[in-house]
Amino acid sequence: MDLGIKDKIALVTGASRGIGKGIAETLLKEGAKVIISSSNVEKLGRTYEEFVEHYGKQNIIAIKCDLNNELEIIELNSKIIEKFGSLDILVINYGGPKPGFYNEFDEVDWDNAYSQLFKSVVKLTNLVLPYMIEHRWGRILTVTSSAVKQPIDNLILSNSFRAAVTAYVRTVANQVAKYGVTMNNVAPGYIMTERIENLITNRMKVENKTYDEILKSITNDIPMGRIGRVEEIAEFSAFICSEKASYITGQTLLVDGGRIKTLL
């Protein structure tokens with residue numbers, strides 16, 4: 001299927017590894033020109049070189065950006081506009097804050113999680129929406145978590161601010177839909193990434209269980225009986241960012257192997 005995004009300009013944040021990297025690569029395969037960003041310069045450089053080797057230097061740009069740093073977000077946007085004049089697709093992907101229970105965090109932890117998970121989304125969308133509205137076409141997708149449908153134990157920071165992102169996207173989507181701009185959230189379940197490995201390791205310590213025991217407890221709750229693959233999130237996300245998904249907006253779309261049992 002031709003997704004209709006050849007030569008579209010796309011930015012994927014948190015794209016040096018995991019889900020963000022997978023989405024960026026899928027957009028490249030579909031012919032988009034992709035800007036990848038990450039706060040980790042070393043990993044970003046390796047991903048850039050890998051993409052250049054497979055998809056050509058003319059189609060990929062790497063720009064360092066820490067989503068906790070407002071000035072870096074502004075600079076990222078400025079560099080994109082300077083080179084391309086606009087942005088067609090924005091995929092906001094980022095790592096999650098550290099796990100823990102409510103009484104294990106201080107005010108700094110809460111402020112950092114707010115900046116990372118919520119404020120960065122507001123800042124990025126505010127910067128790119130004027131260009132999308134002007135061109136009467138745009139796609140914004142935030143990568144959140146199935147926790148917005150069913151909170152995950154021990155992830156209070158992530159649960160709280162990802163829920164706020166869901167509400168924000170749903171509200172703004174209604175306001176920009178008439179301009180041909182869609183805004184959606186993709187909510188992954190358990191996808192085999194470095195973060196999931198870290199969460200399993202954390203649970204091993206907290207619950208005094210082995211890796212295999214934690215993995216079994218996770219997959220027992222998934223009707224498909226397995227943890228998902230990055231490619232499964234990436235291909236779905238590329239579709240939502242495409243011309244083919246022009247009538248889907250304001251939605252939070254689960255990709256979780258059936259784990260969350262809610263009706264909506």
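My entries on a residue and on cavities follow.

Ground rules first: this is a predicted model, where local features need pLDDT of at least 70, side-chain atom pairs count only at pLDDT 80 or more, and totals for chains, interfaces and linings use all residues. Residues are numbered from 1 along each chain as its sequence is written, and side-chain values use heavy atoms, with hydrogens and water left out.

**Entry: Asn184**

I found Asn184 in strand β6, residues 181-188 (strands are DSSP runs of E, at least two residues, and helices are runs of H or I, at least four, numbered from the N terminus). Asn184 counts as buried because its relative accessibility is 0% (buried means under 20% relative accessible area, with a 1.4 Å probe and protein chains only).

I then looked at what its side chain meets. A polar atom of the Asn184 side chain lies 2.9 Å from the backbone oxygen of Ile248, and one lies 3.2 Å from the backbone nitrogen of Gly250. Leaving out residues up to four places away in sequence, Asn184 touches Ile140, Val169 and Leu253, among others (contact means heavy atoms within 4.5 Å).

**Entry: cavities**

I counted one cavity of 30 Å³ or more (a cavity is a set of points on a 1 Å grid over the protein atoms alone where a 1.4 Å probe fits but cannot get out; lining residues have an atom within 4 Å of a point). The lining of the largest cavity includes Leu11, Asn77 and Val128. Helix α3 gives the most to that lining, with four residues.

Technical notes: Buried means under 20% relative accessible area, exposed over 50%, partly exposed in between (1.4 Å probe, protein chains only). A polar contact is a pair of N or O atoms within 3.5 Å; within protein, one must be able to donate a hydrogen and the other to accept it, and residues adjacent in sequence count only if both atoms are side-chain atoms. On a 1 Å grid over the protein atoms alone, a cavity is a set of points where a 1.4 Å probe fits but cannot get out, and a pocket is an open set with protein on both sides within 12 Å along at least five of seven lines; lining residues have an atom within 4 Å of a point. Grid points are joined across faces, edges and corners, and a volume is the space filled by probe spheres set on the points.
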